Amino acid sequence: MGSRYGDIMKVECTGASDITAAQDKLKEKGVAASHKMAQTDLTRMNKYKSLIQKEAVANGVQPAIVAGIISRECRAGNTLVDGWGDHGNGFGLMQVDKRYHTPKGRWDSEEHISQGTGILVGMIENLKQKFPKWTKEQQLKGGIAAYNCGASRIQSNESVDSATTGHDYSNDVVARAQWFEMHGY
């Protein structure tokens, strides 16, 4: 289906690292591990599906990408304490970092999802400017990585996750997003 920023189903990925997969004590590796974690999060994610779809479409991205980020960031709310994660630095489903942004809305609100999705789009736009010769899908994957570590830390398509958490952020999020895309997002 795709969006103005590319089609998540056309983005190449390796999925979760062994370290990320180990969080759920999975036997699966790579893309299979990412898919298994997305599946685990589906029931919780479905509570936010209509908000995700509304804000993703409004921002020109596929809803599955937002779901993939939410799955990776907080397991659809499962790892949050009073809406906070990342040692009190990340807020809400999309883990907006208070050190770089002023969080908006309740942790599970439409306003929060709108803010997080807007930050993602800003990162994709930044990568489009930084790497104009990349394909839309490479820019999309780079923007997902930048959502985690900042656009200035993305240096090449080949090492897109070198500065991300677990060195697998975009590869894991893309694989989760692909699973959500295949399951109604």
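Biologist: Which residues are linked in a network of salt bridges?

Modeller: First the rule: a salt bridge is a side-chain nitrogen of Lys or Arg within 4 Å of a carboxyl oxygen of Asp or Glu. In this structure Asp24, Asp41, Arg44, Arg72, Arg75, Asp168, Asp172 and Arg176 are linked in such a network. By this rule the count comes to twelve salt bridges. This is a predicted model, in which local features need pLDDT of at least 70 and side-chain atom pairs count only at pLDDT 80 or more, while totals for chains, interfaces and linings use all residues. Residues are numbered from 1 along each chain as its sequence is written, and side-chain values use heavy atoms, with hydrogens and water left out.

Biologist: Where does Asp24 find its partner, and what is the distance?

Modeller: Asp24 pairs with Arg75, and their closest N and O atoms are 2.8 Å apart. The two sit in distant parts of the chain, 51 residues apart. Asp24 is in the loop between helix H1 (18-22) and helix H2 (30-46). Arg75 is in the loop between helix H4 (63-74) and E1. Helices (H or I, at least four residues) and strands (E, at least two) are DSSP runs, numbered from the N terminus.

Biologist: Which residue forms a salt bridge with Asp41?

Modeller: Arg176 does, with the closest N and O atoms 3.9 Å apart. That pair links helix H7 (residues 169-182), which holds Arg176, to helix H2, which holds Asp41. The separation is 135 residues. Both Arg176 and Asp41 are buried.

Biologist: Which side chain does Asp172 meet in a salt bridge?

Modeller: That of Arg72, at 2.8 Å from N to O. Arg72 lies in helix H4 and Asp172 in helix H7, 100 residues apart. Asp172 is at 0% relative accessibility, so it counts as buried. Arg72, at 14%, also counts as buried.

Biologist: How many of the residues of H7 are buried?

Modeller: 13 of its 14, so the helix is mostly covered. For its length, compare the span with the expected one, which is 1.5 Å times one less than the number of residues. H7 reaches 20 Å from its first C-alpha to its last, close to the 20 Å expected. After H7 comes Gly184, whose phi is positive, near 95°.

Biologist: What should I make of a positive phi?

Modeller: Most residues other than glycine have a negative phi. His87 has a positive phi of about 60° although it is not a glycine. It is in the loop between strand E1 (84-85) and strand E2 (90-91). Gln95 has a positive phi too, of about 50°, and is not a glycine either. Its place is the loop between E2 and strand E3 (96-97).

Biologist: Is His87 buried or exposed?

Modeller: His87 is at 82% relative accessibility, so it counts as exposed. Gln95 has a relative accessible area of 10%, so it is buried.

Note on methods. Buried means under 20% relative accessible area, exposed over 50%, partly exposed in between (1.4 Å probe, protein chains only).
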